[in-house]
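Please open the model in your viewer and keep the sequence panel beside it, then follow the stops below in order.

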Amino acid sequence: MLCLHRVVPRDGFSSIAENRSIELGVADLRWMLEWTRSRGLDAIPMDEVPARLEKPRGRKFVCFTFDDGYRDNLRLALPVFREFGVPFTVHVATRLTEGVASLWWYALERIVKGCDRFEFEWAGSRKAYDLDTPARREAAFVEMARLIRAQGRQTRDELVACLCGAAGIDPLEQARGLVMTWDEVRELAGDPLVTIGAHTAGHHTLNRLSENEARDELLGAKREIEAQLGREVKHLAYPFGGASAVGPREFRLAAECGFATAATTRCANLFSAHAQHRHALPRLTVSGNHDVRVLLPRLESGLIAARAFGGRRVITA
Ligand SMILES: [Zn+2]
């Protein structure tokens, strides 16, 4: 299973590494689909994944997934997937779709690129960053992003508002500019190649939330997307999705909320044993910081996952 986010034109890449890691060039996407075909891989929709894990048959399969619900998935990615007749899934975060949650990683990029020195006050202490070189901007981005990801449901929004207020920018501007509206999600969902999954409501770090808050994030998003699209939502992708954001409690909650599958961002390949771990499915992230022509064959071979997890094949918790 591949984990993608944005598809951007050749000159559309971010200058901040963390954001570039969720961007893929249109030409690279086309190359990936050509490569999938030339390798003889079965490109299957999410709905078929549980059955293929239960009863592996024939060729290796690949499943394309996108997180967050970016508008470029409709405008730039869909035409390429249509050209190849390959199915894909887009996991939508409902509060991003509604333009009421912040796409804070792009807001943060605007902050660190917008001035030479940035100061803000949070939790009683004053922080200051010199932003006059690319390395300092990267370091400040990484530090502030880590602080935001460590917050709970309410304090996350307070901190983002605090940062954006100090920089004099609107925290919601990026979400409204880059994320699909419900009308656009419906347009995308109208294509038979497309499955719409859930990516929670507010894109919070789930293990920082109480159990009730986390359940509300999962179930609220499922019900909202189902109401908006008039079809069942069976698949979930956890926000952030790494071991520092989700664990056994979230896997259990996803099952309890009725999702057939839930995907992490643990970087590993799928094996039949994952049929018993359908709410902790690993995905291979394709990052704009690497050449897909080198990266993809390595991901398929399992080399990267084997190195990361010491040869263990089934990566769950
Ligand atoms: Zn996400």
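Select Asp 68 and His 199, both of which are buried (buried means under 20% relative accessible area, with a 1.4 Å probe and protein chains only). This is a predicted model, in which local features need pLDDT of at least 70 and side-chain atom pairs count only at pLDDT 80 or more, while totals for chains, interfaces and linings use all residues. Residues are numbered from 1 along each chain as its sequence is written, and side-chain values use heavy atoms, with hydrogens and water left out.

Asp 68 lies in strand 6 (residues 64-68) and His 199 in the loop between strand 10 (194-198) and helix 11 (211-229), so the pair ties together parts that are 131 residues apart in sequence. Helices (H or I, at least four residues) and strands (E, at least two) are DSSP runs, numbered from the N terminus.

**Stop two: Ser 14**

Move to Ser 14, which you will find in the loop between strand 2 (6-8) and helix 1 (17-20). Ser 14 counts as buried because its relative accessibility is 7%. If you leave aside its neighbours within four places in sequence, Ser 14 is in contact with Asn 19, Arg 20, Glu 23 and Glu 109, where contact means heavy atoms within 4.5 Å. Select Tyr 106 as well: its C-alpha atom is separated by 9.0 Å from that of Ser 14, although these residues are 92 residues apart along the chain.

Conventions
Buried means under 20% relative accessible area, exposed over 50%, partly exposed in between (1.4 Å probe, protein chains only).
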